[in-house]
Amino acid sequence: MLNVPSQSFPAPRSQQRVASGGRSKVPLKQGRSLMDWIRLTKSGKDLTGLKGRLIEVTEEELKKHNKKDDCWICIRGFVYNVSPYMEYHPGGEDELMRAAGSDGTELFDQVHRWVNYESMLKECLVGRMAIKPAVLKDYREEEKKVLNGMLPKSQVTDTLAKEGPSYPSYDWFQTDSLVTIAIYTKQKDINLDSIIVDHQNDSFRAETIIKDCLYLIHIGLSHEVQEDFSVRVVESVGKIEIVLQKKENTSWDFLGHPLKNHNSLIPRKDTGTEIVKPYTPVSGSLLSEFKEPVLPNNKYIYFLIKIYPTGLFTPELDRLQIGDFVSVSSPEGNFKISKFQELEDLFLLAAGTGFTPMVKILNYALTDIPSLRKVKLMFFNKTEDDIIWRSQLEKLAFKDKRLDVEFVLSAPISEWNGKQGHISPALLSEFLKRNLDKSKVLVCICGPVPFTEQGVRLLHDLNFSKNEIHSFTA
């Protein structure tokens with residue numbers, strides 16, 4: 001681990017996970033593909049039935065819309081009319097009807113967390129759930145209390161008038177087992193490196209970079225939550241969702257009481273806490289002709305790190321000069337070389353910087369495993385420019401015929417002739433073909449948490465056993 005001074009709150013052991021669950025596809029009618037749905041949403045047709053109006057939806061009103069031709073679903077406090085989407089849904093109408101007329105947040109998180117539903121259903125948005133008034137317990141009269149994650153209306157008005165319309169805000173929603181805190185940054189270039197989240201005991205803290213400031217959410221939670229949580233960024237709208245797991249399946253009357261500097265913007269220069277973040281050491285190159293420098297006692301480590309200009313941590317690394325210091329902890333991890341014994345087929349699934357653990361695996365596998373017949377890497381990125389070490393991968397595949405490399409882009413330009421999309425059963429079933437029916441196989445997967453979790457679920461659906469799968473945390 002690297003540990004350098006930065007403007008953020010430490011997040012030790014803050015692995016982001018989502019609930020597991022299965023998902024199956026059903027055959028769609030002709031003209032009901034994803035592209036057909038996108039064309040429909042851009043046609044100007046009224047998909048809400050409200051002629052462009054947005055309304056507040058009460059629980060009683062939501063329950064009334066529970067039929068296939070009149071189906072409203074709530075996800076994280078926002079209500080969508082999904083009736084027009086029924087025939088386009090890959091999971092089938094019955095899957096959507098499980099949440100008809102109710103809050104489908106928890107069901108969505110189990111099987112669809114990788115999907116950007118805000119973009120997919122934006123033309124189906126009916127409105128948001130009405131906030132129920134609640135009587136809060138007194139903590140201290142002089143403290144501003146939080147009601148369902150929002151400040152009282154009078155304080156919202158005062159804050160916006162003082163700070164302007166671009167001031168960030170937050171809200172919260174809950175199911176029986178989950179609490180979701182949504183931060184609206186009003187900044188579209190937000191990414192996961194722009195936020196640090198941590199909770200210790202009953203204290204929850206999230207710091208987000210907003211230009212030259214940190215937006216701080218700092219709350220003493222009203223109930224206990226589990227250690228594991230997940231973070232999701234919707235870059236297109238500048239929204240961050242932090243999902244906490246309740247220790248007890250009870251309804252919370254309020255999120256908690258504000259702590260120091262809660263709901264405030266702090267100049268980054270005024271902060272000076274410490275950040276800890278894990279990175280995977282890599283080899284200096286994928287190619288054997290690369291000559292590593294001879295240094296005393298081999299005391300050097302290579303890291304492959306993507307710099308996010310608006311991030312909390314990587315800009316600090318980028319500004320380090322020769323002679324500066326960082327703290328490095330002892331190595332952590334549970335991958336064992338014994339997994340490679342008598343291995344015949346090796347499949348690698350990587351997304352973005354999740355490629356880093358694959359570097360040493362490729363070097364070791366192609367050099368030191370005589371039983372290996374085939375290595376296949378499927379590398380997911382947004383654009384061609386995002387593909388790390390593309391030329392080295394192509395050279396290595398040309399040099400060693402056992403290696404096949406496939407690039408998959410989610411946002412390619414029109415000239416791209418390769419594969420595109422997100423991780424899916426269709427892509428994996430074609431890619432994961434054993435050299436022999438009963439060959440010994442290992443699948444390694446690493447990427448953003450939703451990618452990894454979705455990938456592991458799909459691998460199980462494709463009948464790969466637990467011993468044949470190893471997932472890394474990116």
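**A tour of the salt bridges**

Start by selecting Glu-95 and Arg-98: their side chains meet in a salt bridge, 3.0 Å from N to O. The term stands for a side-chain nitrogen of Lys or Arg within 4 Å of a carboxyl oxygen of Asp or Glu. This is a predicted model, where local features need pLDDT of at least 70, side-chain atom pairs count only at pLDDT 80 or more, and totals for chains, interfaces and linings use all residues. Residues are numbered from 1 along each chain as its sequence is written, and side-chain values use heavy atoms, with hydrogens and water left out.

Buried means under 20% relative accessible area, exposed means over 50%, and partly exposed lies in between (1.4 Å probe, protein chains only). Glu-95 is partly exposed, at 23% relative accessible area. Arg-98 is exposed, at 54%.

Next, select Arg-232 and Glu-241. They form a salt bridge, and their closest N and O atoms are 3.3 Å apart. Are these two residues buried or exposed? Both Arg-232 and Glu-241 are buried.

A network of salt bridges links Arg-76, Arg-232, Lys-239 and Glu-241.

Move on to Asp-400 and Arg-402. Here a salt bridge brings the closest N and O atoms to 2.9 Å apart. Asp-400 is buried, with a relative accessible area of 16%. Arg-402 is partly exposed, with 22%.

Finally, zoom out. How many salt bridges does the structure hold? The count is 22.
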